[in-house]
Amino acid sequence: MPSWLTEWEDEDPIEHSRMKAIERNAEALGVSTRQMMESAGRALAEEALMQSPEQVLVLCGRGNNGGDGFVAARYLARTMECSCIYVSGDRKGDSAANLKALTACGIPLHEVSCREDISRLADLFSSADLIIDALLGTGAGGNLREPIASCVAMANESPAYILSADLPTPGISADAILAFHRSKGIATSIADIGIPLEAECFTGPGDLLSIPKKPENAHKGYGGKVLVVGGGPYQGAPYLAGLAALRAGADIVFVASPHALDCPDLIHIPLPGRISGEEICDLLIKYAREADSVVIGPGLGAGSHDVVLRVAAAARRAVIDADALRLPLPAGGETIYTPHAGEFARAFGRDRSGNNETDAAIVRDACTENGIILLKGPTDIITDGRRIRFNRTGVPAMTVGGTGDILAGVAAALFCRMPAFEAAAIAAYVTGRAGEEAALAIGDGLIASDLLLFIAQILYGD
Ligand SMILES: NC(=O)C1=CN([C@@H]2O[C@H](COP(=O)(O)OP(=O)(O)OC[C@H]3O[C@@H](n4cnc5c(N)ncnc54)[C@H](O)[C@@H]3O)[C@@H](O)[C@H]2O)[C@@H](O)CC1
Ligand SMILES: [K+]
């Protein structure tokens, strides 16, 4: 396996939400949940066999953790006395399929729906010498409901060795915990369930799962207020960034630019021909303080850097793009820098080598304390100085002018509601995917504004 993939893995233990994202990314790479479940269940059976049990009881919940338990029971039943207690109710496809497969294997299966059902099965708990806890995994939440609460109590009273699948069901006294893929906080061992490292090193559709959903009672402004400062030599650039921010979920977008373009969705703050001078600076600082995030740079041209520095410093969250990427490096409270190779060399004094492994180290080392770098290229590199994510979405047709402005706008909108690293990684993924979809629909003649509708669809279409 290439070293640049292993070196940049997230740290253990892994958050449950990140694990779900990785599983979704693995699915998109062609490794189905069914395959992962089979590997997890088999690993669980092998771990159980290491205790040389004679009588195994497998406890299965309604989620995928229960599915892992059904698979383990299928393997164990071949060589020993094995029974299974499972919580009644609807189950997802893969878990349901594994329950069906187990039914056909003819091992004793006990469906339970209440505390009394569990009490009637007390003998199974007292006679087992090994219990597999596949009741709840990463989907556990809130107080334990019946019959799971009674299952946990009975398991704890039993003399059996308790092996928990992935992580212990809350309240259970596990003797061993076999985590799948990565530790979820506590694990005595970890099983490889075939998730490719690419599922975590590269962005994927799973990364979108962490975007906060708009609540039913969302008030105006929930999506965030974005200020874009730019224009001048390239008049359309800040408007593309502004429209992209709206399509990516921002509620209100101001564009401070010398040129008024006909764009009814955006609020234009008129500026005189050059973005310089005390008065302009004071005006922009006032808007920057009120915004949830500020994009500075699209279409700006050189010669405004004194204003850029002061406006960025007034922003809680800043996205520094294009002509704002020069020394001294502007910084907001938190900052996302979005350079391409040339801008990266200008603003960070380092050249991109063209090799992902080397570049990852170069970009990571260039990170400032509160800064995220999103280095754009055939493979984008996103880093906070510790974590690294690669993005390989996108098509050659995206070399057309304006796609970088769109990326900056998407990042700014997500940044209103998400941490910088995640916002930058998702922005790179979504903009590339939008380019892929636009190229499918239009071909090589696509223009940057063609990406806008696809951005909304990819982010919020389902
Ligand atoms: N691609 C995947 O998603 C994979 C998941 N795997 C396994 O699936 C697990 C996650 O699966 P799920 O997301 O289905 O979640 P779980 O299997 O942890 O459980 C979710 C179910 O438990 C119920 N539940 C949650 N909290 C409860 C409580 N306090 N009292 C009673 N019932 C409660 C929910 O209503 C839901 O039906 C992982 O821990 C891992 O073991 C593995 O099979 C590998 C692949
Ligand atoms: K478990």
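Biologist: How many residues has helix α11, and what does it reach from its first C-alpha to its last?

Modeller: In this predicted model, helix α11 covers residues 278–290, which is 13 residues. At 1.5 Å a residue, 18 Å is expected. The helix comes close to that, with a reach of 19 Å.

Biologist: Where do the buried residues of α11 fall, seen down its axis?

Modeller: Buried here means under 20% relative accessible area. I280, C281, L284, I285 and A288 of α11 are buried. Seen down the axis, the buried residues fall within an arc of 130 degrees, so they line one face of the helix.

Biologist: Which residues come nearest to ligand 1?

Modeller: There are 25 residues around ligand 1. Those that come nearest are N64, N65, D68, G137 and D166.

Biologist: Which residue has a polar backbone atom 2.9 Å from an oxygen atom of ligand 1?

Modeller: E23 has a polar side-chain atom 2.9 Å from an oxygen atom of ligand 1. K92 also uses a polar side-chain atom, 2.8 Å from a ligand 1 oxygen atom. The polar backbone atom at 2.9 Å belongs to G139.

Key
Residues numbered from 1 in each chain as written. Chains lettered and ligands numbered in written order. Predicted model: local features only at pLDDT ≥ 70, side-chain atom pairs only at ≥ 80, totals over all residues. Heavy atoms only, no water. Helix = DSSP H or I, 4+ residues; strand = E, 2+ residues; numbered from the N terminus. Expected span 1.5 Å × (residues − 1). Buried < 20%, exposed > 50% of the residue type's maximum accessible area, 1.4 Å probe, protein only. Arc of directions from axis to C-beta. Near = heavy atom within 4 Å. Polar contact = N/O pair within 3.5 Å; in protein donor to acceptor, adjacent residues only side chain to side chain.
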